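Dear colleague,

I am handing over the model we spoke about, and below it you will find my notes on what turned up when I went through it. Please read them with the structure open beside you.

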Amino acid sequence: MFVCWCGSNIAATVDVEAVTEAVRTEPGVVVATNSQYMCSEGWQSSIRNAVAEHKLTGIVVCACSPRMHEPTFRKAAAAAGMNPYMVEIANIREQCSWIHKDKPEATEKAIILARAAVAKLNLDKPLTAGESPVTKRALVIGGGIAGIQTALDIADAGYEVDIVEKSPTIGGKMAMLDKTFPTLDCSACILTPKMVDAAAAEKISLYTYSEVESVKGFVGNFTVEIRKHARSVNSELCTGCGVCMEKCPSKKTKSEFNQGLSNRSAIYIPFAQAIPNVPVIDREACIKFQTGKCGVCEKVCTAKAVDYEQQDEIVTKQYGAIVAATGFNPIKLDNFDEFAYSQSPDVITSLEFERLCNAAGPTKGHVVRPSDHEEPKTIVFVQCVGSRSTVDCGKTYCSKICCMYTAKHAMLLREKYPGTEVYVFYIDVRTPGKSFDEFYRRAVEEYNVHYVKGMVGKVAPEDGHLRVQASDLIADKQIIIDADLVVLAPAIEPDPSARALGTMLTASMDTNDFFTEAHPKLRPVESPTAGIFLSGVCQGPKDIPDTVAQAGAAASKVIGLLSKDKLIGNPCVAECNEPLCNGCSACELVCPYGAITYEEKPVFDHGVRETRRVASVNEALCQGCGACTVTCPSGAMDLKGFTNLQIMAEVDAICR
Amino acid sequence: MKFSYFPGCTLKTKAKELDSAARGAAEVLGVEIEELDEWQCCGAVYPLARDEIATRLSAARALIDAKRKGQDLLTLCSACHHVIKRVNDDMKTDADMRGKVNNYVQPEAPYEGETRVVHYLEMLRDNVGFGEIKKLVTNPLKDRKIGAYYGCMLLRPSSVMSFDNPENPRIIEDFISAIGAEPVIYPYRNECCGGYLALEDRGISKDMSSRVMRSAAKAGADSIITACPLCLYNLNENGTGELPVRYFTELLAEALGVKSEGGLARAC
Amino acid sequence: MPIDEKGTFRPKIVAFCCNWCSYAGADLAGSSRLNYPADIKIIRVPCSCRVNPLFMLRAFQRGADGVIMCGCHPGDCHYTSGNYFARRRMTLLFGMLDYLGIEKGRTRVEWVSAAEGQKFAGTMNQFAETVKSLGECRRIEDLRCKESVG
Amino acid sequence: MPVHVDEKKWAADITLSSGANVKKCMKCGKCSGACPNYAEMDIHPHKFVSMINDCDVSALLASKSIWKCLSCFACVERCPRDVKPANIIEAVRTRVLAPQGQNRLTPEGLPKFIKDLGEDAEKIPQQLLASAFRKYSR
């Protein structure tokens, strides 16, 4: 029995000495001691000595949460020659000393928790963890900058990696952007080489226009079904000449890539640098698919690549690790019509503005009003549309990127069109990041952008203008501006595909559908589910530098995993007491992992040897949830490390 | 379809045409309207203060009466609708208020917000259906460009009123289309007309109402319709006078070919 | 009745928390220094579906005054579906316990995510308060166990 | 107007009766941005929120804004934090009207307004009278 002080974290409210004394007389306890920091190297060696000296078969540590240091103490036990699973931890910090102020009360509780741990330890059995092989291939879901960077880094280390991207091209949101802050280098110029690298890399396979259909298995051994949507164009034959798009008579579909600011044909490549450079047919918009008449693209295709008969294809592959890089979208602005987004074409989102600025965009980089194609003279930017909001249609978090891109937009406008007046209405300007604040200050000081503290209250489209009504909180006066263009900075939210993916991966998500990390500080790129890693905005709002850094970090974690030949499994798995099993299949039905099968086995029961149909647990598949143990009507199923007897012993100790 | 109906004071006096046209149109639409027996003035203003009980009682009584009859409670005047709907929400969500009001009114069974409060426009949209109205229109109001004026009370706060999108509502526009006219969307249709200050501070009311009316006129409307007697009064008396303002039920009755005199006689 | 020096009743409450969400939520409550009564002792289980109704009965048998089970939010179970099983089992169990005279207030199921330290502490405070107001629970307490322990 | 005001107590009372949570305010100013009657007010809606938070009640009780608020709920509707500034303004107004003899509008005062309106007076809907008395008197 070892009781930790955790400096004053525990010792301040729990009488550590009293706890040590109280448990000394518990059954099975041979030695009880306490120390300043049990997790320190020095005390771990003293554990080793104690194990050797007293021939200990198990240890109880009264310390912080097992979620924090269970692995540490297990390692120490193993180093001392003990079975590492003969360690029990009484959580007397997070669940005792930190929440209770009254010392006697906290001490009493700590003693009870320690007793429960002793009671459990007395019933512990040495466990051996199983091993499983690792499939040396990774899956990256999402082909934006996060997914591309992760895949490139994994491939660079020599491992096979597949990218699954649901749109027809990789590139994601970054491909839509014009310039990037704070350096103002062109987004396409830095992204397209990476896209080309990803396409060219021998170790990377791209599955565009594809989605993950199902995920089975566990860390090191995932089986994933990928649905390749029918492109209706044979990628092998297509030369990417683009004649089909030119001739396609259906040209009225809003371009997703241009945020609806231009139209595209039914057979289309999203943008010129798309990878792969192979069109897809949007079957909803295609006249051939809708009416049966047309077939122009097939006729004009000299490569004979158009294939109306193509069907979705399911590809099944094995992976050792999976990276979620599903990215984000700006929120829909239907519920923010005080800014008249759906009432005036001249109220646009910042992503639409990116397309307007972009030389490859619908206006060739010429910033004009969508309504009349006139150059706007007065432009108003509205920050935090839906961010930091606790009402239903908003998001409670800060979207992080808007302050900086708005400074960029304002600056670009003033540089390109010095005659314009540019206003930015903000709540706070948040610029943590290298050279970020300097960038924002340049917008104010050098480019004369008018920053006004105060949220816009109403945008009224009238007389061809947008009457913007706001209040300047610092001057304490009302501001009314007749603007020509209003640019809204919508909150960003995880792509809707993330929710379904999270369920498939059993990777937990927060209330906003961002993936949760295993530890917010110490394990930021791993999901709590083993073998699942997180890259980019799917974990939380971030800009391009942060995304790329996280993408690299996720890759290094994947590489670490794939470099192992075998993985040590979790030994706390279900176990069937065969003589008790009545062969009812109830456990098989509730097992979420398909880890239980039934086998005809010789069973020795009350002196009789007979062949019976009994449950058998695949220890590699079992994740140790325990659903089967409670379902089992005969009590044959039990969970190692959390046996029925152990939990009841804990109950008894607590209620004593 | 049968509804309990809460007309409210103004509809019995200065806004008889709002009421009578609504009754006449309902007949054509096959909607039965049963005026509550002993309704009292709703108070015209929803008491925002949570410690005000007395001012909520008349609305609560109307709600309880409708519950007793097992009917939805139909309202027409924006102010009545606003007050009754919000009091109903209090009765549903505020246990403290619920206890106090029940204590005062002493209904057979405690009232917990069971009654559904339906505005006449909501009834047209959800119970009758604008498509159905279109079919019943005998006298489509062709070539009329009508601006809908929502004002404040039907829409806000949307979390309670849940009437329509508070910043870009459609319901009256859809209604205008259903009766064969062309809806005109203008930005100030959901901004305040300044009604509460029409007595005390007429200057402000003039500014507000004029802005609304100018906004509608600029957008090309030839008239404005509303559901609120105070808005109507205020736009008429304090607006720019550019556009006529009428109740939406009057136009409905007109489109359905209902003679309003008959309705008037009954209402008086 | 266990009464402390100040003369207040101190109930015995057992909380079963799943390792992935609610135990982590409890840890978060701890690291956020949110108070709740020391009468609550947590038992860690891998998943709420590991909680056998027998464990709860055992607790009441051994003199617990209240038992609460916490798991991941529906749809967020680390093991996909465990909390759904747990929810159904507990609904049946609580109905039976109520029939046995163990008031509904003594049993509770709550979904607490790893990020909801505040909710965890709030729930525990509420639950402890309720159990406290219900007083001691001796309905199915096995007095033999009591005596043998002394 | 009461001379001695226990500011803290009043702020607490006003908060309670308004049902608003001033702590939730992030000082974005959207309420004042949305207010259609901003120009007529001396103290603007966002300041009501922060002044209640600071227990700076006397100035609010004396403010002319409480008579200018239209109760149109634009600020309530558009507030991203669900703070309800209009409720606070109303709560302050009710405090001012609460003591005897503080009524802003009295039946005796009514003829003046009506006279101002001349012939048009008879068009005044009941709703206007009822709401004016509810808003401006006890």
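A polar contact here is a pair of N or O atoms within 3.5 Å, and within protein one of the two must be able to donate a hydrogen and the other to accept it, while residues adjacent in sequence count only if both atoms are side-chain atoms. By that rule, 2 residue pairs are in polar contact between domain 3 of chain A and domain 4 of chain A, both at pLDDT 80 or more. Please keep in mind throughout that this is a predicted model.

Domains of chain A

Chain A with chain D

Turning to the partner chains, 20 residues from chain A and 21 residues from chain D take part in their contact, and the area buried between the two chains is about 1600 Å², of which carbon and sulfur atoms give 50%. A:Thr390, A:Leu473 and A:Asp476 supply 29% of the area that chain A buries against chain D, more than any other three residues. One of these, A:Asp476, also forms a salt bridge with D:Lys47, in which the closest N and O atoms are 3.4 Å apart, and the rule finds 2 salt bridges across the interface of chain A and chain D. There are also 15 residue pairs in polar contact across this interface, both at pLDDT 80 or more. On the side of chain A that touches chain D, the elements giving two or more residues are β24 (456–462), β25 (465–472) and β26 (477–483) of chain A, and the residues of that side divide into 7 nonpolar, 7 polar and 6 charged.

Chain C has 5 helices and 4 strands, which run β-α-β-α-β-α-β-α-α from the N terminus on. Its radius of gyration is 15 Å, close to the 15 Å that the globule rule gives for 150 residues, so chain C is as compact as a globular protein of that length. Along its principal axes, the C-alpha trace of chain C spans about 40 × 35 × 25 Å.

In the contact between chain A and chain C, 46 residues of chain A meet 45 residues of chain C, and the two chains bury about 4200 Å² between them, 58% of it on carbon and sulfur atoms. The rule finds 5 salt bridges across this interface, among them the one in which the side chains of C:Arg10 and A:Glu108 meet at 3.6 Å, N to O. The residue pairs in polar contact between chain A and chain C number 17, both at pLDDT 80 or more. The largest share of the side of chain A that touches chain C, 8 residues, comes from α19 of chain A, and by class that side has 20 nonpolar, 14 polar and 12 charged residues.

With best wishes

Notes
Residues numbered from 1 in each chain as written. Chains lettered and ligands numbered in written order. Predicted model: local features only at pLDDT ≥ 70, side-chain atom pairs only at ≥ 80, totals over all residues. Heavy atoms only, no water. Contact = heavy atoms within 4.5 Å. Buried area = accessible area lost by both parts, 1.4 Å probe. Salt bridge = Lys/Arg side-chain N within 4 Å of Asp/Glu carboxyl O. Nonpolar A, V, L, I, M, F, W, Y, C, P; charged D, E, K, R; others polar. Rg over C-alpha atoms; globule rule 2.2 N^0.38 Å.
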